Each structure stands twice: as C-alpha cells, then as structure tokens.
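Please find below a colleague's note on the model, arranged as numbered points. It is meant to be read with the structure open alongside.

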Amino acid sequence: MVKEILIDKYGVGHAVAIMEDGKLKDLYIDPLNFNSFYPPHSILIAKISRKVREKGGYFVILPNKKQGFLLSKTAYALGDNVAVMANPFYEKGKSQRFSDRLKIETKYLIIQQGKGRIKFSKGIERGKLRSFPENKIKEKIVQFNEKVSVILRSSLNNNVELDWDKVLNFSFQMYKEIVKKLECKENNQFLMLSKEKANCIFGLDNSYKTIERDGIFELQGIWDKIEKFKEKKVIFGKSSYLIIEQTSSFCSIDVNTGNDFKINAHRVNLDACDFIVNNIYLRAIGGKVIIDFLPCSKEEKKEVLSKLTLGLKSGGGRFTVFGWTKGNNFEVEAVRHKVPLNLLMKS
C-alpha cells in the first residue's frame with residue numbers, strides 16, 4: 001500500500017491530504033483567515049469580558065478582537081487573561097466555544113491538564129493492552145513535572161505492540177511545546193494548524209511518505225476530489241447514490257438505488273456504508289446523523305449495523321451508534337473534532 005501525506009500552501013497555513021493508494025483518507029485544511037474562527041485545539045490568551053451564569057461560563061475577547069464563549073466552572077475576574085483552547089467551530093453567527101482545560105491529542109494518547117491520573121477512552125478494549133506500561137506513564141508524568149493526566153485513546157485497540165518510550169516521548173514533547181510558547185510573553189496564541197495536526201496523528205507512523213510542495217494539490221487532482229465532497233449527491237456503484245443534507249444541528253443521509261430497479265437493495269445498503277463513513281470523515285460531519293437506508297429485513301439490518309459500526313470505529317473518530325430507530329432510520333452521533341468542510345471552503 002502506498003501511503004502519502006501531501007502538503008500544499010493554503011489560507012493561513014496549509015492544506016494536508018492523507019492518501020492511501022491514491023484515495024483520500026483524511027483531510028486537514030486551514031481557514032483563509034481568523035475573522036470567523038480559530039482552528040480547533042489552538043490555544044489563545046483571551047480576556048474575560050463578562051460572566052454568564054445561566055450558561056455556566058464567560059464571554060471572552062480573543063486576539064482577533066472577536067468575542068468567544070468560555071465554558072468553565074473556574075472563578076475568573078473581569079479583565080483576567082486566561083489561556084483557552086478552541087473547540088471546533090460549526091455554525092456561523094455564533095461565538096466560538098473555548099475550554100480552559102488545555103490538552104494535546106496524538107494518535108494514541110491525550111495529554112491534558114490534570115492531577116497525574118491515567119484514564120482510558122470509553123471505546124478502548126483493555127484486554128488488548130497486554131503490555132500496558134502503567135509505571136512508565138507515571139514516571140513520565142513525574143519527569144515532566146507538570147500537573148497533567150494521560151488518556152489512552154481507542155486507537156490503541158489495533159496497535160497492541162508499540163514502542164512506548166517513543167510514543168510517550170513524542171506525546172509529552174508536543175505538549176511541552178505548547179507550554180513553552182504560552183510562557184513566552186510575546187505570544188498570545190499557539191495556533192494548531194493543519195501541519196501540526198497531521199504531525200500529531202501521523203508523526204509516529206514511518207510508513208507514510210511526506211511530500212510538501214506548492215501546487216501539489218492541483219498537480220495530483222486533490223482539489224477536484226475535495227470539490228466532490230462539497231456536493232449533496234454522491235454517486236456509487238452502477239447508479240446508486242447518496243443525498244447528504246448538512247445543517248448546523250444535524251445531517252441527513254438518504255440512500256437511493258437510482259434507475260436500476262433490479263439491483264439488490266441489501267447490496268446497495270452495504271455498499272453505501274463505505275461511502276457514508278468516508279463522507280462523514282472528510283466532510284467533518286458532527287452531531288446527529290440520520291441515515292435513511294433502503295428497506296431491509298431484521299437480519300439485513302444487523303449486517304448494516306455491524307459494517308457501519310466497524311467502519312466508523314476504524315477511522316479513530318468518536319461516535320455513538322444508536323442503530324435503527326422505530327421509524328426505520330439509522331441514527332449515529334459524531335463528536336465534532338474538525339471544522340466542517342463546507343465552512344472551511346467558504347470562510
């Protein structure tokens with residue numbers, strides 16, 4: 001398998017495409033400017049402007065002079081300067097949300113402000129961690145001399161034999177870079193841009209070849225591929241297609257057979273699963289996702305549930321799969337971790 005990380009200049013930074021055998025598997029794109037939002041996981045120094053008791057937080061003034069909202073139980077005074085982390089932005093016209101719990105996410109670990117604890121993501125299967133190095137992680141926390149906690153991510157399920165020294169050193173070093181930049185009084189922001197995000201997730205995987213070149217997206221037709229992920233209609237198979245309607249609160253996906261009325265409906269549903277997963281990831285769809293599959297039997301529904309659940313988990317995202325509802329729709333809830341593609345390309 002040919003694996004590549006393609007990096008091209010775009011907006012305030014870069015656009016990064018993760019390719020496997022010529023297919024687009026993941027995508028990171030920086031905004032054209034910071035007028036509307038900051039990239040998720042960016043850390044900024046914001047000023048407390050007003051407390052909002054009923055919403056459990058504060059309105060803050062950001063480095064771009066815009067207003068954001070900080071959800072926090074910590075008691076701050078008006079005018080305080082606070083280090084905050086940007087949450088994914090997904091709706092124009094609303095203030096971007098921030099957290100005062102700083103963290104860095106790498107492929108296998110999350111390092112965040114805490115009390116030296118070791119935690120597990122909900123989706124992790126502890127039985128697969130045969131050589132879980134609890135003592136090594138505790139030693140690393142002590143060496144780091146910071147109030148941090150470590151969360152083991154569900155991506156460890158498929159990687160039971162790791163060079164834990166390398167994983168820990170890499171993850172803690174990424175967090176250390178944030179701390180150093182924030183300690184520098186001249187800086188009021190640590191921007192987590194596309195190259196940094198790609199490095200966090202794929203920096204430990206030597207099987208990827210990195211190509212950074214101006215115009216590489218145009219040369220390899222990546223922009224054309226991205227444009228297709230902005231369209232509502234997604235064609236697959238002979239004439240089958242999906243209709244994807246994305247709003248700020250939920251996304252609906254309708255599976256259709258097209259003009260081929262002799263085609264097996266169950267086969268279409270199963271084939272649609274791969275395209276649904278691919279579009280959810282690359283469009284950065286979050287929140288409620290309601291899928292209207294073609295009519296199928298109870299046994300066929302089990303197969304669809306199994307295939308879609310496996311596909312969603314394999315990409316490393318965080319999903320709650322509710323399955324089939326009483327109205328015969330399929331419901332999934334996706335945790336927002338990136339800015340939706342339709343906002344990025346318009347910003």
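This is a predicted model: local features need pLDDT of at least 70, side-chain atom pairs count only at pLDDT 80 or more; totals for chains, interfaces and linings use all residues.

1. K65 is exposed, with a relative accessible area of 70% (buried means under 20%, exposed over 50%, and partly exposed in between, with a 1.4 Å probe and protein chains only). K65 is found in the loop between β5 (57–61) and β6, and although K65 is not a glycine, its phi is positive, at about 75 degrees. Helices (H or I, at least four residues) and strands (E, at least two) are DSSP runs, numbered from the N terminus.

2. Residues are numbered from 1 along each chain as its sequence is written, and side-chain values use heavy atoms, with hydrogens and water left out.

3. A positive phi is also found at D21, a residue other than glycine, where the value is near 50 degrees. D21 sits in the loop between β2 and β3 and is partly exposed, with a relative accessible area of 47%.

4. Strand β2 (residues 13–20) runs antiparallel to β3 and is joined to it by six bridges, and A17 has L27 in β3 as its bridge partner.

5. A second open sheet of four strands has the order β9-β10-β12-β11, again with mixed pairing. β9 (103–105) and β11 (118–120) stand at its edges with a single partner strand each, so one side of each is left without a neighbour in the sheet. The twist averages 20 degrees from one strand to the next. Three bridges join β9 to the antiparallel strand β10 (residues 109–113), with I111 in β10 as the bridge partner of I104. Helix α1 (residues 134–144) lies across β11 and β12 (148–152), running at about 150 degrees to β12.

6. Strand β4 (residues 43–52) and strand β7 (residues 81–86) run antiparallel and are joined by five bridges, with I45 opposite A83 in β7. β7 also pairs with β8 in the antiparallel sense over two bridges, and there A86 has F98 as its bridge partner. L182, in helix α2 (residues 164–183), is 99 residues from A83 in sequence but 8.0 Å from it in space, C-alpha to C-alpha. Leaving aside neighbours within four places in sequence, L182 is in contact with I43, I45, A83 and L102, where contact means heavy atoms within 4.5 Å.

7. Which residues lie nearest the centre of the largest cavity? They are Y28, I29, K338, V339 and L344, out of 17 lining residues, and the space in this cavity is about 160 Å³. On a 1 Å grid over the protein atoms alone, a cavity is a set of points where a 1.4 Å probe fits but cannot get out, a pocket is an open set with protein on both sides within 12 Å along at least five of seven lines, and lining residues have an atom within 4 Å of a point. Grid points are joined across faces, edges and corners, and a volume is the space filled by probe spheres set on the points. The largest share of this lining, three residues, comes from β3.

8. The structure holds two cavities of 30 Å³ or more.

9. Of its 14 lining residues, the closest to the centre are Y90, K94, S95, Q96 and R97, and the elements that give two or more residues to the lining are β6 (67–71) and β8 (96–99).

Key: Two strands pair if DSSP finds at least two bridges between them. Axes are lines fitted to C-alpha atoms, for helices over the stretch in contact, and angles run from 0 to 180 degrees between N-to-C directions.
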